[in-house]
Amino acid sequence: MGARIRHGVNLTATVLAALTLVVVLIPLASILVTAFQRGEAALTSPGFFTESPANPCSPRAGTVCHYGGIAPALDGTLALVGLAALISVPIGLAAAIFVVEYGRDRPSARLITASADVLSGVPSIVAGLFIYTYMAANYPQIVFSALSGSLALSVLMIPIVTRTAEEALRTVPNSQREAAEALGITKWKATLRITLGAALPGIVTGVLLSVARAAGEAAPLLLTAFGNNLGFQGFTQPSDAIPLLVYDFATSPYQNWIALAWGAALTLIVIVLGLSILSRLVLARMARRLRGSA
Amino acid sequence: MDATKMAAVGLSASYGRGPAITDINLEFGPNSATAIIGPSGCGKSTFIRCLNRMHETAPRATVTGKVFLDGEDIYEQDPTAVRRRIGMVFQRPNPFATMTIFDNVAAALRFNGRHSREETDKIVYESLQAAALWEEVKDHLFAGATSLSGGQQQRLCIARALAAQPEVLLMDEPCSALDPISTAKVEDLIFTLKRTYTVIIVTHNMQQAARVADRTAFFYLGKLIEVNDTKEIFERPKEKLTEGYVSGRFG
Ligand SMILES: Nc1ncnc2c1ncn2[C@@H]1O[C@H](COP(=O)(O)OP(=O)(O)O)[C@@H](O)[C@H]1O
Ligand SMILES: [Mg+2]
């Protein structure tokens, strides 16, 4: 009797779990399929990753539309996100190390954690607006530049890096710190070469997640990197980016540009998906590595 | 006891509330092993963690009194310098999880000073020998430290402490997480180590104290009740409390 009820509960749970999986997977699959179908023509044209977009064109009788590629936007995204990572990883890491390794219960440490939490909830357009206002007031010549864009992306990335690095450092067992301390290893050496080493997979995960987030954002770039048709022209010049290209081209009336937008969107999805899968693999590896030691 | 390597004088410590140990006076001779025994919670760990200034790393911890090493108060010195002279082995093996066996043993050499490769290799070899682990790991020195069994990990931690070339070795219940065979190995090891080092070992296993220690100190409720040659403590204790504990009436 009891067993039968338990069996029933089990079955219900399994069915519910399967349903949830389907509900989650359907949107993901349909996004991928739609992006591929609509972008296929552009994606499969040679030079998708190496050429600039072709001139606008909608097929009429007797004309053939060229697509070109998304090379400028791809370059721009790499440069924008690369610089943003160079800015936010050291800052986020330093904040996390201060909070976890040196902060103890200090109010300043709690303040950092709380600010990172608040900052991670700030809408991305506001991050762009903030940098736009700041640059306009202080460096008006380069308001619309790759540098501004990277700064705006950093505002989004810093809290992600900080919070995930904090979590990663907290998962390092205290016995590891004690072992180092008891050997007379100085705190900063132990932190840099033992604690950080043990937390590295978690930190890498956080960095990858923050990169994935930044790579997909258009809103903070609208008022900063601004976009151009030439791609990355140096950090003091406006720069294109994949999300900006998607935004511009998808709203245009030209069929070849719309196809490019879908192709670019799929590229973006694959990058972001790849990064988050990579981060899960890294995290799983960390769990394996630390198992068996208290 | 002819000479004193280390001595606690009027040592008290707390974790912010009431005292965990009160007014401990205890001397340790060179080349000998002293066992600290007593029921759990009586302050054994707190006491030996005061001896290498690890106690003060706990939140709200306080220490008063003095601890002399070769006649000088360690509380007047730089704590990291003190810890390099006084090794510690913990209750649960805690090898550096992300490092190889070799790197664990070499850690103190690499982080605390400059040593040539040859020197490092030599000290790692000698330390693993001294910790009776060399034969078991010599063919996979560059495997991860966590690939070892618990008993091997604990001997690795002993080797790691020895590689720092300390003068005193503190061991906090080093066998409590080990199986009987590993325990026997570590006990044999302590027996050898005390020829070279001042060994201070916390244990709640009285047979272990009787086997390895020259002197034994009995702690109860944060106080040192009695200290004497091990044989005396077990056969002719002077205090009623000691007698009650060693005869197994409480603890
Ligand atoms: N980190 C800590 N914070 C607060 N109290 C502690 C801490 N560690 C130990 N104590 C307390 O100090 C007393 C002595 O503990 P301890 O030295 O660990 O005893 P033993 O090693 O003899 O079992 C106990 O009452 C214990 O509850
Ligand atoms: Mg203890």
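Of the 294 residues of chain A, 44% are buried, meaning under 20% relative accessible area with a 1.4 Å probe and protein chains only. Please bear in mind that this is a predicted model, in which local features need pLDDT of at least 70, side-chain atom pairs count only at pLDDT 80 or more, and totals for chains, interfaces and linings use all residues. Residues are numbered from 1 along each chain as its sequence is written, chains are lettered from A and ligands numbered from 1 in the order in which they are written, and side-chain values use heavy atoms, without hydrogens and water.

Chain A contains 10 helices and zero strands; helices here are DSSP runs of H or I with at least four residues, and strands are runs of E with at least two. Its C-alpha atoms fill a box of roughly 80 × 70 × 30 Å along the principal axes. Among the contacts in chain A with a separation of 6 or more, 73% join residues 24 or more positions apart, a contact being heavy atoms within 4.5 Å.

I turn now to the interface. Here 22 residues of chain A are in contact with 28 residues of chain B. Together the two chains bury about 2100 Å², 58% of it on carbon and sulfur atoms; buried area is the accessible area (1.4 Å probe) lost on being put together, summed over both parts. On the side of chain B, the residues B:F96, B:T98 and B:F111 lose the most area to chain A, together 30% of what that side buries.

How many salt bridges does the rule find across this interface? There is one, where the rule asks for a side-chain nitrogen of Lys or Arg within 4 Å of a carboxyl oxygen of Asp or Glu. A:E178 pairs with B:R49 in a salt bridge, with the closest N and O atoms 2.6 Å apart.

Notes
Buried < 20%, exposed > 50% of the residue type's maximum accessible area, 1.4 Å probe, protein only.
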